[in-house]
Amino acid sequence: MRVRVGQGFDIHRFVDTATNDRKLILGGVHFEGARGLIGHSDADVVAHATAEAILGACGLGNIGEHFPDSDPKYKNIDSIKLLEIVAKMASDHNFEIGNVDCSVVCEQPKIAPHRDEMQKKLSLAAGATVTVKGRRAEGLGAIGRVEGIACWAVAIVTQIE
Ligand SMILES: [Zn+2]
């Protein structure tokens, strides 16, 4: 049995105006009334970072390779579905996911009120415990200027031999 660790990062830019009707989806949860993020899929930065961390831990590349944004079938796709596919890929390669921990960095919206629901959806899709922490950028840089949301994730997996 080999233990491996993986790191995932993702970042998406907010849509330009508050009148744009794009929904904000984080960890599979709709944040009602919040400004949406630009992306080919639903731009779920938390689901993407989680998937990246799992793929990295398993040495299976990255989500851009597996779900290219040039492919119309991934347009506006629910990224929780992508995470389910990634978890299946991991198990197909004899990896068992231990857990994933995410740090979502944004000035808005507040993550805490939806944290439990996000953790439930992500954990169900990954087939392992996924934890989420919200963090502010303290006004620094692009995230501090409320231009987008970034997420870092770490995953641990064991390879069954
Ligand atoms: Zn993304």
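Colleague: What percentage of the 161 residues in the protein chain is buried?

Modeller: This is a predicted model, and burial here is counted from neighbours, with a residue called buried if 20 or more other C-beta atoms lie within 10 Å of its own. Of the 161 residues in the protein chain, the buried share is 39%.

Colleague: What radius of gyration does the protein chain have, and what would a compact globule have?

Modeller: Along its principal axes the C-alpha trace spans about 50 × 35 × 25 Å. A compact globule with 161 residues would have a radius of gyration near 15 Å, and the protein chain agrees with this, because its own value is 15 Å.

Colleague: In which order do the elements of the protein chain run from the N terminus?

Modeller: The protein chain holds five helices and six strands. Among contacts with a separation of 6 or more, 78% are made by residues 24 or more positions apart. Read from the N terminus on, the order of the elements is β-β-β-α-α-α-β-α-β-α-β.

Colleague: Which element gives the most to the largest nonpolar core?

Modeller: The largest nonpolar core has 45 residues, and those that touch the most other members are Val-46, Ile-54, Leu-83, Ile-97, Val-100, Val-104 and Ala-126. At least two residues of this core come from each of β2 (25–26), α1 (45–58), α3 (79–92), β4 (95–105), α4 (115–126), β5 (129–135) and β6 (148–159). With ten residues, the element that gives the most to this core is α1.

Colleague: Which residues is Leu-83 in contact with, leaving aside its neighbours within four places in sequence?

Modeller: Leu-83 is one of the core residues that touch the most other members, and α3, which covers 79–92, is among the elements supplying this core. Leaving aside neighbours within four places in sequence, the contacts of Leu-83 are Ala-47, Thr-50, Ala-51, Leu-122, Ala-125 and Ala-126.

Colleague: Which strands stand at the edges of the open sheet?

Modeller: Four strands form this open sheet in the order β1-β6-β4-β5, with mixed pairing. Neighbouring strands are turned by 15° against each other on average, direction ignored. Each edge strand has a single partner strand, so one side of each is left without a neighbour in the sheet, and these edge strands are β1 (2–13) and β5.

Colleague: How many bridges join β1 and β6, and how many join β4 to β6?

Modeller: β1 and β6 pair in the antiparallel sense, with Phe-9 having Trp-152 in β6 as its bridge partner. β4 and β6 also run antiparallel, and there Val-100 stands opposite Ala-155 in β6. The count for β1 and β6 is twelve bridges, and for β4 and β6 it is ten bridges.

Colleague: At about what angle does α4 run to β5?

Modeller: α4 covers 115–126 and β5 covers 129–135. The helix α4 lies across both β4 and β5, and the angle at which α4 runs to β5 is about 145°.

Definitions and conventions:
Residues are numbered from 1 along each chain as its sequence is written. This is a predicted model: local features need pLDDT of at least 70, side-chain atom pairs count only at pLDDT 80 or more; totals for chains, interfaces and linings use all residues. The radius of gyration is taken over C-alpha atoms; the globule rule is 2.2 Å times the number of residues to the power 0.38. A residue is buried if 20 or more other C-beta atoms lie within 10 Å of its own, exposed if 12 or fewer, and partly exposed in between; C-beta atoms are placed from the backbone. Two residues are in contact if their C-beta atoms, placed from the backbone, lie within 7 Å. A nonpolar core is a set of buried Ala, Val, Leu, Ile, Met, Phe, Trp, Tyr and Cys residues joined through C-beta atoms within 7 Å. Two strands pair if DSSP finds at least two bridges between them. Axes are lines fitted to C-alpha atoms, for helices over the stretch in contact, and angles run from 0 to 180 degrees between N-to-C directions.
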